[in-house]
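I opened my notebook to look a few things up in this structure, one entry at a time. Follow along with the viewer open.

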Amino acid sequence: MSGFDGKVALVTGAGSGIGRATAVQLAAEGARVVVSDVVSQLAQATGDEIRDAGGEAVVVRADAALAQDHARAVATAVSRWGSLQLAVNNAGVAGVRAPLHEQAVEDWDRVIAINLTGVFLGMRAQIPAMLEAGGGAIVNLASILGAVGRTNAVAYVASKHAVVGMTKAAALDYAEQGIRINAVGPGYIRTPLVEGAIADTAPIEQLHPVKRLGRPEEVSAMIAFLLSDKASFMTGGYHVVDGGYTAQ
Ligand code: NAD
């Protein structure tokens, strides 16, 4: 496939799970990919996987909570390949599970800084380069928890609802300038984030009508579609990939 031939893409949190699957898929479809993650070794491994498969990747260590790190990741795309057209703001953390009154303020701040402010800072850095390039497309990672709640997860749920709203507002800001911005809401996907936060996933599987967790590639397929020209009339949307979870 070559749907992204000539395009430059940036994926945050690309060292693991959904971000890694997305970076690998975009590269397989012809994009040159900036692989960004706060953990250098993880980003390096994704970069190696892309290059081993014959794709093009450059690796950047970047903390999604820091404006200067987003600026550096975008500058890397532009200096290496001349432009940036595609971005996936995927970096995210689960946070410490606790009922609201036991939630440490520090953990609330950390989840909001990465999951919400990180997406804002990402778009703020990426959009000027896309305007320069004459257009682009962005996908922000929300969650089914951008539409419904969950126990012991106030910060995560708040951050993901906010990503959905921010995506709509940002899409309106750039609709006339050729930049499409959408959010994706995965159900529970078998990644280190879920396996680190949930000891026994069997009960969680039962919450999905399809009775299993999703795979990272089932989410990256939606992300790649939204970034592609096939989705040329889609902006400001929130698209679940959840095995029927939110249909119940
Ligand atoms: P993951 O833990 O497998 O991967 C997340 C990656 O982000 C890791 O490589 C990690 O190093 C990186 N990261 C963490 N903090 C960072 C920071 N401050 N700056 C840059 N990188 C950072 O997680 P995943 O399951 O692939 O989740 C990816 C995104 O999808 C997250 O936004 C998550 O909230 C969302 N999501 C996941 C699920 C799921 O069930 N796995 C469901 C809904 C939404």
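**Entry 1: helix α8**

I started with helix α8, residues 216-227, in this predicted model. How far apart are its end C-alpha atoms? I found 17 Å, and since 12 residues at 1.5 Å a residue should span 16 Å, the two values agree.

Next I looked up which residues of α8 are buried, and they are Pro216, Val219, Ser220, Ile223, Ala224, Leu226 and Leu227. They cover an arc of only 160 degrees around the axis, so they sit on the same side of α8.

**Entry 2: helix α1**

The buried residues I noted in α1 are Gly17, Ile18, Gly19, Ala21, Thr22, Ala23, Leu26 and Ala27. After α1 comes glycine 30, and its phi is positive, near 105 degrees.

**Entry 3: the ligand**

How many residues surround the ligand? I read off 30, and the closest are Ser16, Asp37, Tyr156, Ile189 and Thr191.

I then looked at single atoms. An N or O atom in the side chain of serine 16 is 2.6 Å from an oxygen atom of the ligand. For aspartate 37, a polar side-chain atom lies 2.6 Å from a ligand oxygen atom. With glycine 187 it is a backbone N or O atom, 3.4 Å from an oxygen atom of the ligand.

I wrote a general point first: in soluble globular proteins, nonpolar side chains tend to be buried together. Here the largest nonpolar core has 30 residues, and Val34, Leu84, Met123, Ile138 and Ile181 have the most contacts inside it. At least two residues of this core come from each of β1 (8-11), β3 (56-61), α3, α4 (105-133), α5 (154-174) and β6. Which element gives the most? That is α4, with 8 residues.

Apart from this core lies another, of 27 residues, among them Ala31, Ala137, Val139 and Leu141.

Leaving out residues up to four places away in sequence, isoleucine 138 touches Ala87, Asn89, Met123, Gln126, Ile127, Met130, Ile179, Arg180, Ile181, Asn182 and Leu227. Leu227 was already in my notes as a buried residue of α8.

Histidine 70 is in helix α3, residues 67-81. Is histidine 70 buried or exposed? Its relative accessible area is 6%, so histidine 70 is buried. Its side chain reaches the backbone oxygen of glycine 118 at 3.3 Å. Beyond residues up to four places away in sequence, histidine 70 touches Thr12, Ala64, Gly118, Leu121, Gly122 and Ala125.

Histidine 239 lies in strand β7. At 18% relative accessibility, histidine 239 also counts as buried, because the cut-off is under 20%. The side chains of histidine 239 and asparagine 182 make a polar contact at 3.4 Å. Setting aside neighbours within four places in sequence, I found histidine 239 in contact with Asn182, Ala183, Val184, Gly185, Met222, Leu226 and Met234.

**Entry 4: some loop residues**

Glutamine 103 is in the loop between β4 and α4. With 13% relative accessibility, glutamine 103 counts as buried. Not counting residues up to four places away in sequence, glutamine 103 touches Val96, Ala98, Trp108, Val154 and Ala155.

Asparagine 152 has a phi near 60 degrees and is found in the loop between β5 and α5. Its relative accessible area is 31%, which makes asparagine 152 partly exposed. Lysine 211 has a phi near 60 degrees and lies in the loop between α7 (202-206) and α8. With a relative accessible area of 45%, lysine 211 is partly exposed.

How values were computed. Residues are numbered from 1 along each chain as its sequence is written. This is a predicted model: local features need pLDDT of at least 70, side-chain atom pairs count only at pLDDT 80 or more; totals for chains, interfaces and linings use all residues. Side-chain values use heavy atoms; hydrogens and water are left out. Helices (H or I, at least four residues) and strands (E, at least two) are DSSP runs, numbered from the N terminus. The expected span of a helix is 1.5 Å times one less than its number of residues. Buried means under 20% relative accessible area, exposed over 50%, partly exposed in between (1.4 Å probe, protein chains only). The arc is that of the directions from the helix axis to the C-beta atoms. A polar contact is a pair of N or O atoms within 3.5 Å; within protein, one must be able to donate a hydrogen and the other to accept it, and residues adjacent in sequence count only if both atoms are side-chain atoms. Contact means heavy atoms within 4.5 Å. A nonpolar core is a set of buried Ala, Val, Leu, Ile, Met, Phe, Trp, Tyr and Cys residues joined through side-chain atoms within 4.5 Å. A residue is near a molecule or strand if one of its heavy atoms lies within 4 Å of it.
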